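Hello,

Here is the structure I promised to pass on to you. Please have a look at it first, and then read my notes below.

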Amino acid sequence: MFDFEFVKPSSIVEAARLLGGEGAQALSGGQTLMPTMKQRLAAPSVLVSLTGIAEMKGLSVAAGTLTVGAATPHAVVAAEAARVFPALAALAGGIGDPAVRNRGTIGGSIANNDPSACYPAAVLASGATVVTSKRRIAADDFFQGMFSTALEEGEFVTSVAFPIPEKAAYVKFNQPASRFALTGVFVAKFAGGVRVAVTGASNNGVFRWAEAEAALAKSFTADALQGLGVDDSDMITDLHGTAAYRANLVKVLTGRAVSAAG
Amino acid sequence: MPKDYGIGASSKRREDVRFLTGRGVYTDDMALHGQTYAVFVRSTVAHGRIRSVGTEAASKMPGVLAIFTGEDFKDVGGNPAGWLINSRDGTPMHEPKRPVLAHGKVRHVGDAYAAVIAETYQQAKDAAQQISDDTDIEELPAIVDMRAALADSSNRVHDEIPDNQCYDWGWIEDNRAAVDAAFKSAPHVTTLELVNNRLVPNAMEPRASIGEYFPGTGDYKLTTTSQNPHLTRLLVAAFVLGIPENKLTVVAPDVGGGFGSKIYHYGEEALVLAAAKKLARPVRWTAERSESFLSDAHGRDHVTKIELACDKEGNFLAFRTETMANVGAYLSNFATVTPTFLHGTLMAGPYKVPHVYVNVKTVFTNTAPVDAYRGAGRPEATYSLERVIDKMCRELGLDPFEVRRKNFLTTDMFPYTTPVGLVYDTGNYHATLDKAMEMADVAGFAKRRADSAARGKLRGMGLSTWIEACGIAPSNLVGILGARVGLYDAATVRVNATGNISVMVGAHSHGQGHETVFAQIAAEKLGIPESSVEIVHGDTSKIPFGMGSYGSRSLAVCGVAMTKAIDKIVAKGKKIAAHMLEAAEGDITFEDGKFSVAGTDKAKTFGEIAFSAYVPHNYPLETLEPGLEETAFYDPANFTYPAGAYICEVEVDEGTGKVDVVAFHCADDFGNVMNPMIVEGQVHGGVGQGIGQALLESTTYDENGQLLTGSYMDYAMPRAGDVPFYNVDYSCQTACTHNVLGVKGCGEAGAIGSPPAVVNAVLDALHSGGHKIAHIDMPVSPGRVWQAING
Ligand SMILES: Cc1cc2nc3c(=O)[nH]c(=O)nc-3n(C[C@H](O)[C@H](O)[C@H](O)COP(=O)(O)OP(=O)(O)OC[C@H]3O[C@@H](n4cnc5c(N)ncnc54)[C@H](O)[C@@H]3O)c2cc1C
């Protein structure tokens with residue numbers, strides 16, 4: 001690890017100022033950033049910790065929307081969202097191990113937008129709004145491909161507002177080594193339609209499976225997916241599975257998510 | 001009543017108190033006055049010619065004390081192969097020099113070609129990066145695939161070895177014609193090509209070494225993560241650096257797992273010693289996890305064709321094996337024996353098969369060195385045999401249980417000389433198979449399969465009946481076979497004046513529990529509490545010259561040495577007692593910690609005898625030396641031959657290809673069992689590693705020789721959730737006939753016996769679902785299973 005300065009602001013405003021500085025980078029749970037720094041693959045000169053900002057932590061529910069502060073650890077979401085949005089709580093409870101869940105945060109996860117991360121599927125499938133230090137960004141606009149988001153230089157996520165679906169489920173198929181999602185599917189049913197978001201499968205990061213959404217809007221059953229094919233041309237092939245295998249998982253897991261959502 | 005003390009008791013592991021409370025003292029825990037830090041500069045390319053190593057700028061960086069390159073070691077010795085193997089045609093194997101630091105060429109990603117010593121770790125890291133940036137290496141095409149390596153002599157890992165072949169070994173060459181003839185006339189032949197996947201050992205504690213030099217005396221000390229400190233001393237002293245053995249102490253303190261990878265001497269150990277001498281300051285190094293992936297000796301890596309000849313009833317007529325074994329870029333110390341004498345000699349299994357022939361070509365590639373890893377050769381043998389037998393059963397529509405049963409050696413056949421040169425002393429393979437079938441409720445399988453089907457899963461059952469040769473090894477025999485060392489072991493029993501004892505053993509515990517088990521045996525033999533026995537190991541300045549721990553040898557070799565030393569103690573104690581009790585030596589008996597005159601109530605306790613040996617006021621000084629300390633060396637007469645039957649049940653999810661191991665039953669014959677709890681623990685760990693190999697662990701190099709699975713993000717280790725609750729039994733005991741403890745060794749069994757049971761179970765499940773798949777290579781990952789199902 002290279003040398004760096006560490007600051008821990010207590011408000012969003014102060015954090016925004018600090019993150020405007022040269023070589024500054026946001027640090028949330030550190031579960032992604034610290035290993036990268038240890039391997040000398042990242043060398044920020046100033047780390048701006050976001051975990052001391054009270055307004056960025058915790059859950060609140062209002063008017064059918066669950067808002068999660070960006071600096072809220074996965075373990076807190078797993079415990080506190082269990083009643084209002086059980087699928088989200090289950091997703092958070094299935095990330096990594098207890099150490100990761102007690103440090104890692106939703107803001108860090110979606111800002112990083114790892115193509116195998118779990119949260120992006122929930123955010124996209126729920127049609128959530130990503131609230132940043134500057135603006136509100138619809139999930140459909142936020143994720144812009146592997147490790148890439150709509151965030152601009154110095155901009156950071158402050159919270160995520162999830163419309164609470166009628167029914168939802170996340171089914172994750174673990175990559176055997178990392179236990180990230182080899183493929184994961186989040187299905188959310190709202191009064192106005194169904195959204196299906198897939199993580200882990202595509203070279204372009206998390207994406208919505210439009211054909212499944214249309215089919216499930218007509219009939220919210222696993223059977224409704226029967227005739228659908230999944231195009232594997234842009235899917236990931238790696239040590240753990242081919243594109244065709246991932247395409248298969250997309251379909252199988254979507255069906256299982258629909259069944260689990262009930 | 002289970003025993004609560006001594007031999008056969010499940011005494012709690014005394015060492016766990018310090019391990020589980022964070023009070024173990026590992027190499028990296030030691031802080032030394034004036035210490036400095038070594039960081040190695042490792043090749044980022046698999047194969048390259050070193051044009052220049054850029055040390056200039058790095059040498060001026062803050063805190064840098066010294067920089068070493070291959071040039072500094074070109075005149076010292078190489079790290080030798082421990083075993084010289086001849087090819088079929090009688091020519092000796094190729095043994096390329098393995099230098100302390102790469103010189104001239106780098107031969108695998110992670111091959112260290114320079115080292116920096118600095119005041120702090122970060123300074124050493126910075127300078128190492130600088131050297132890496134400033135070094136000029138001409139990249140050469142990487143040799144990764146064994147077949148290509150053998151075929152293309154224009155591209156060589158070692159310039160002097162044209163076909164990249166270390167040797168082409170045949171076992172037993174004289175039998176080859178008869179084996180070929182048996183295949184020609186056989187009613188049925190089953191052929192299977194398979195890969196025994198390369199594994200990264202992944203000991204919890206990475207390798208670490210500290211070198212010290214004491215200018216006042218000229219003594220050196222190496223503290224290191226070793227399974228065998230005396231062997232390391234011998235190699236560093238006599239072969240590599242030329243330090244006189246008497247001026248070098250090697251200490252292997254608490255060591256957090258080895259699985260074979262810490263048997264061997266590595267260049268880092270020689271480097272920290274040489275650097276300590278140069279700086280007259282302690283020099284320390286601890287591997288980062290990524291260095292462990294790149295530079296620890298890996299395991300397995302065979303590409304094999306196995307053939308089985310039999311009649312239509314499944315009676316075995318012959319086995320024939322052709323294997324390519326990858327040794328990586330250099331010969332690690334046991335690399336040449338693992339695919340030969342630890343593999344080929346096991347290719348008869350526990351079966352009465354008249355003809356067996358094994359051919360092994362060992363190949364250099366631009367990958368990390370490969371050497372013995374838990375089981376070492378025997379898992380490869382067992383996997384080939386048990387997989388091809390299973391395939392044959394399916395081809396002929398035979399019951400795999402019955403086929404094993406009819407081919408097993410029977411108890412009246414021991415001692416039995418196999419067609420591959422081993423002499424099995426004892427065993428009862430029918431008993432362990434019967435036991436395993438009872439434990440597994442084989443009769444109830446159909447119902448369990450139906451239950452799984454109701455949950456949408458395919459259920460399969462797989463069998464493996466394994467045997468191995470351990471308790472390594474008779475020195476005269478291994479000498480004939482090419483070993484450069486003997487494989488005896490030694491123990492010193494020192495009775496202290498107050499009657500408690502210190503036992504210095506040549507075996508080394510790196511998690512196994514020697515401190516507990518050896519104390520149990522000593523306590524029982526001497527009739528004293530276990531708490532009065534201290535086991536000392538791992539320090540060449542304290543222990544007798546022993547050969548360390550690997551090959552499930554600790555108890556069967558070193559434990560027997562200790563027992564013999566105790567016998568000498570008792571014999572001397574009798575002499576002392578005879579004097580004190582004014583009786584004839586022949587009338588003294590020793591029982592329950594007391595020396596008594598037979599038929600009288602005259603007796604002296606063990607403690608009284610000990611005291612008198614050290615305070616010899618009333619003592620036969622004219623005829624007997626004072627003191628009570630004895631050493632015994634023991635060289636085993638034969639290998640020991642544990643064997644057993646493993647039955648695995650899996651569920652397969654056809655939609656995702658995921659395999660869940662839902663039950664695992666082990667019926668093992670380890671001979672006499674000293675501590676059942678520890679035996680169970682060894683089996684659990686071994687089977688866990690076997691399940692890891694079967695389902696999860698893949699060491700993958702790309703065509704450029706880059707390790708794609710160089711971290712836990714891509715290298716899948718088994719975790720608690722991947723393994724079932726094991727059902728372990730060791731009640732079928734045929735005591736080893738040639739050691740006084742009657743023990744056989746249990747450390748590797750689980751890793752040897754389990755992989756074929758798992759893979760056989762997966763294929764059974766798939767066949768039950770109509771998927772006629774002959775074979776899937778390990779690791780049987782979800783992606784591979786799905787691919788096999790969906791063509
Ligand atoms: C062993 C292990 C297992 C894991 N398993 C899973 C898994 O199964 N599924 C899964 O989804 N994830 C998994 N993760 C990742 C985990 O969820 C991380 O916590 C997450 O990716 C990053 O969150 P963090 O709070 O730790 O972010 P950090 O590491 O602090 O930051 C990550 C990146 O995001 C930036 N950043 C942080 N917060 C913000 C913000 N509010 N706004 C803008 N940028 C920000 C940082 O600058 C950095 O670039 C695993 C991690 C580990 C170590």
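**What I found**

B:Pro779 sits in the loop of chain B that runs between α18 (749–768) and α19 (782–790); helices (H or I, at least four residues) and strands (E, at least two) are DSSP runs, numbered from the N terminus. The bond between B:Met778 and B:Pro779 is a cis peptide, with omega at about -5°.

Before going on, a word on the ground rules: this is a predicted model, in which local features need pLDDT of at least 70 and side-chain atom pairs count only at pLDDT 80 or more, while totals for chains, interfaces and linings use all residues. Residues are numbered from 1 along each chain as its sequence is written, chains are lettered from A and ligands numbered from 1 in the order in which they are written, and side-chain values use heavy atoms, with hydrogens and water left out.

**More backbone details**

Another cis peptide bond in chain B joins B:Trp171 and B:Ile172, again with omega at about -5°. B:Ile172 belongs to the loop between β7 (165–171) and α5 (176–185).

Are they buried or exposed? A:Asn113 counts as buried, because its relative accessibility is 0%, whereas B:Glu582 is exposed, with a relative accessible area of 72%. Here buried means under 20% relative accessible area, exposed over 50%, and partly exposed in between (1.4 Å probe, protein chains only).

**Chain B as a whole**

Chain B contains 19 helices and 28 strands. Its radius of gyration is 27 Å, close to the 28 Å that the globule rule gives for 791 residues, so chain B is as compact as a globular protein of that length. That radius is taken over C-alpha atoms, and the globule rule is 2.2 Å times the number of residues to the power 0.38. Along the principal axes, the C-alpha atoms fill a box of roughly 85 × 75 × 55 Å.

Of the 791 residues of chain B, 63% count as buried. Of its contacts with a separation of 6 or more, 80% are between residues 24 or more positions apart; contact means heavy atoms within 4.5 Å. Chain B exposes about 27100 Å², and carbon and sulfur atoms supply 52% of that area. These areas come from the Shrake-Rupley method with a 1.4 Å probe; for residues, only the protein chains shown count as cover.

For residues 21–141 of chain B, an unreviewed UniProt entry gives the feature "domain: Aldehyde oxidase/xanthine dehydrogenase a/b hammerhead". UniProt positions are in the numbering used here, feature names are shortened, and annotations may be inferred rather than shown by experiment. In the model, this stretch is 15% helix and 26% strand, and its end C-alpha atoms are 49 Å apart.

One residue of chain B that I followed up is B:Thr225, in the loop between β10 (219–224) and α6 (229–241). B:Thr225 counts as buried, because its relative accessibility is 4%. Leaving aside neighbours within four places in sequence, the residues in contact with B:Thr225 include B:Thr27, B:Glu205, B:Arg207 and B:Lys262.

**Chain A as a whole**

Chain A has 10 helices and 12 strands. Its radius of gyration is 18 Å, which agrees with the value near 18 Å for a compact globule of 262 residues. The C-alpha box along the principal axes is roughly 55 × 45 × 30 Å.

Of the 262 residues of chain A, 51% count as buried. Residues 24 or more positions apart make up 57% of its contacts with a separation of 6 or more.

A:Leu41 lies in the loop between α2 (33–38) and β3 (46–49) of chain A, and counts as exposed at 63% relative accessibility. A:Leu41 and A:Gly184 are 143 residues apart in sequence, and their C-alpha atoms are 28 Å apart in space.

Best wishes
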